[in-house]
Amino acid sequence: MDLATLLGIVVAVGLVFFSIVMDGSATWFINYPSLMIVLGGTMGATLINYPISDVVSMFRVTKNAFRQRTPNPLGIIPVMVDFAKRARKEGVLAFEKYIREIDDPFLSKAMQMAVDGLGNDAIEEVLNTEILWLEERHRLGAEIYATMGTFAPAVGMLGTIIGLVQMLMQMKDPSAIGAPMAVALLTTFYGTLLANFLFLPISGKLKVRSRQEILAKQMVVQGILAIQAGDNHRIVSEKLKAFLSPTARLAEEKGV
């Protein structure tokens, strides 16, 4: 579990809930018609906007926002440097016996193509194409959540209008005004809550995760190409350090 995502949810939802119960009852903010309007309207609009296959794939991508499995760029450099040393001593074909030990499927695939004797241009084209479509899948998942974050407050306003119409139609009976007023106010509350505490933050986290994963894969590509070209392990290291920020570069040099 990604600690930042979990902590953000706990802090945001917890403080809102605490502020509610301080001066009233949490049950005042539970209204099933309002929830039906917001959730149903948001999901319905999303399905109109995107093919159902894209919406289903969005839920599969969602797990990336809640777990920390992105490769650490600092951990890639020593791995590639080690392979560069082995390549100079044993040759690229010797990687065959190490491929099964690699946990990263992308790195394993890159190594296998090098062992199979593919040229640098072919390796670069295949791996960059895979990165391109990985980026597209991630972009789509983040985009759908951002779209839902746009729809939810708008649907909440629609629920507010529905509640106000119902309230105005029953002005002669003051005792019947409460329920429509609750619908009017709580649909806006639910729409704003879902958009700003769930949909938009998840969209943002998915974009961050995508950038991190793409950076790691681009480092693998450059590392493999450098090894395939016969570069010294120090040159491989310097090429990969170019991907890092000055702070991360300093941490790598210190072995942090």
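Biologist: Before we start, what should I keep in mind about the model?

Modeller: It's predicted, so local features need pLDDT of at least 70 and side-chain atom pairs count only at pLDDT 80 or more, while totals for chains, interfaces and linings use all residues. Residues are numbered from 1 along each chain as its sequence is written, and side-chain values use heavy atoms, with hydrogens and water left out.

Biologist: Okay, helices. At what angle do helix 5 and helix 6 pack?

Modeller: General idea: helices are DSSP runs (H or I, at least four residues), numbered from the N terminus. Axes are lines fitted to C-alpha atoms over the stretch in contact, and angles run from 0 to 180 degrees between N-to-C directions. Here, helix 5 (residues 105-115) and helix 6 (residues 120-168) pack at about 160°, with axes 10 Å apart. That makes helix 5 roughly antiparallel to helix 6. The cut-offs are under 35 degrees for roughly parallel, over 145 for roughly antiparallel, 65 to 115 for roughly perpendicular, and oblique for the rest.

Biologist: Is the crossing of helix 5 and helix 6 left-handed or right-handed?

Modeller: Look at the near helix: if it is turned anticlockwise from the far one by less than a right angle, the crossing is left-handed, and if clockwise, right-handed. The crossing of helix 5 and helix 6 is right-handed.

Biologist: Which residues in helix 5 and helix 6 meet?

Modeller: Contact means heavy atoms within 4.5 Å. From helix 5 you have F106, K109, A110, M113 and A114, and they meet I123, V126, L127, E130 and I131 in helix 6. By class, that's eight nonpolar, no polar and two charged residues. For those classes, Ala, Val, Leu, Ile, Met, Phe, Trp, Tyr, Cys and Pro count as nonpolar, Asp, Glu, Lys and Arg as charged, and the others, Gly among them, as polar.

Biologist: Let me zoom in on K109. Does it count as buried, exposed or partly exposed, and what is it in contact with?

Modeller: Buried means under 20% relative accessible area, exposed over 50%, and partly exposed in between (1.4 Å probe, protein chains only). K109 counts as partly exposed because its relative accessibility is 35%. Leaving aside neighbours within four places in sequence, K109 is in contact with V126 and E130.

Biologist: And H138, what joins its side chain to that of S210?

Modeller: A polar contact of 3.4 Å. That term covers a pair of N or O atoms within 3.5 Å; within protein, one must be able to donate a hydrogen and the other to accept it, and residues adjacent in sequence count only if both atoms are side-chain atoms. H138 sits in helix 6 and is buried, with a relative accessible area of 9%. Neighbours within four places aside, H138 is in contact with N64, S210 and E213.

Biologist: Where is Y190, and is it buried or exposed?

Modeller: Y190 is in helix 7 and is buried, at 7% relative accessible area. Setting aside residues within four places in sequence, Y190 is in contact with F29, I30, N31, S34, L35 and V38. The C-alpha atoms of Y190 and I37 are separated by 9.5 Å, though the two are 153 residues apart along the chain.

Methods
Helix = DSSP H or I, 4+ residues; strand = E, 2+ residues; numbered from the N terminus.
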